[in-house]
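Subject: structure handover

Hi,

Here's the structure I said I'd pass on. Have a look first, and my notes follow below.

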Amino acid sequence: MKAARFSRFGGPEVLEIVDLPDPHPGPGQVRIAVRAAGVSLSDWKKRRGLMDPELPQTMGYEAAGVVDELGAGVADVAVGDRVFGLSAEGAAQAELAVLSYYAPIPPSLDFPGAAALPAAIETAARALDQLGLGSGGTLLVNGASGSVGSAAVQLAVARGARVIGIASPASHDYLHSLGAEPVAYGEGLASRVRALAPGGVDRALDVAGSGVLPELIDLAGGAEHVITVADFEGARKYGVRFSRGDDGRALYVLAEIGGLIESGRFAPPVVRTFPLAEVAEAHRVSEQGRVRGKLVLLVGS
C-alpha cells in the first residue's frame, strides 16, 4: 500500500509517499480502506522530532473509510461498513489503516467530514470532562473557532453550559452560529469577558496557546479551573493542567457524536482537502496556522 512516511526529521520536504506492507488488524481492531485522513498539529510536531525519537515514522492518527478486514472478536461492524476513528499506530495517512477505536460514520457525513472529527472531538470532550463542566456553568474557550475549539464549544453547549468564545472578529458570526458569545483577542480581553460575565467564568479551556493563561486563571478564579491543550510551558509556569491523551481518553464521544450531528446539535468543521500525494503541502498550511476548520487528505476512490 501507499503511505506517508519520513525517514529524517525536518520540514515538510522530508515527507514522502512510499510502498509499505499491508497492515492487518489485531483483536478488537478493524482495517479500513482509507478514503480520507485528518492532518493534526501533532503530525508536524512528530515530523520535526518533537515527539517520538524513532525513525522512520508513518503519519496520521485519524481516518475514515470502508471496513475491509476484521480483527478477532469484532462483532459491532461488518466488512463494507463506513467507519471513522483513531489509529493507535499513527499510520492513518495511507491507503489502508488499522483503527483501534472506531464508530459508524453518521449518515449525513461524507468521508472527509468524518475524518475531520476524531482527534478534535476526543480532545475537546476529554478537556471538558477534566474540567468537570456540567449544565449551568459558564465556560470560556480561548481559540474557539478552530477544529478543537469549535468542538469544545458545541459539546459544552450540548451539556447545557453557557460558552464565551475568544476568537478573531472574522470568526464571531461563526461562533454565534455554534451557540457561543464571542469576544476578541488582544489587549483588554479580561474586560471584554467581564462585560458578558461580571463575576467571571466557572471554567476556562485554552486551545490556542496564545499566552493568555494568566487572564484565564483570573477570570476562572484559579489555576485549578483552567486546562490547556496547547501551552505546555505556560501550564508548568502557572500551575495549570496540561491535558494529554495518556490522562485517559474520552473515546466514548466517537459513538455519541453521530446523534448530535443528526439532531443538528453539532456542526462538523469546515474541511480543506489535499490529495495524499500533496501531504507536504498540507503540512505547510498546517504549520502556518490560522486554519479555520480541518485539513484532510483524500485517499482512494
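Let's start with serine 147, which sits in helix 4 (helices are DSSP runs of H or I with at least four residues, strands are runs of E with at least two, and both are numbered from the N terminus). Serine 147 has a relative accessible area of 16%, so it counts as buried; buried means under 20%, exposed over 50% and partly exposed in between, with a 1.4 Å probe and protein chains only. Leaving out residues up to four places away in sequence, serine 147 touches Ala120, Gly293 and Lys294, where contact means heavy atoms within 4.5 Å.

Before going on, some ground rules. This is a predicted model, so local features need pLDDT of at least 70 and side-chain atom pairs count only at pLDDT 80 or more, while totals for chains, interfaces and linings use all residues. Residues are numbered from 1 along each chain as its sequence is written, and side-chain values use heavy atoms, with hydrogens and water left out.

Back to helix 4, residues 147-158. Ten of its twelve residues are buried, so the rest of the structure largely encloses it; among them are Val148, Val153, Gln154 and Leu155. After helix 4 comes glycine 160, with a positive phi near 95°.

Helix 10 (residues 279-288) has buried residues too: Val279, Ala280, Ala282, His283, Val285 and Ser286. Their cover includes strand 1 (2-6), strand 3 (30-39), helix 1 and strand 16 (294-298).

Proline 56 is in the loop between helix 1 (41-47) and strand 4 (57-58). For context, most peptide bonds are trans.

As for the whole protein, there are ten helices and 16 strands. Its radius of gyration is 19 Å, which agrees with the value near 19 Å for a compact globule of 301 residues; that is taken over C-alpha atoms, and the globule rule is 2.2 Å times the number of residues to the power 0.38. Along the principal axes, the C-alpha atoms fill a box of roughly 60 × 40 × 30 Å. Of the 301 residues, 54% count as buried.

Cheers
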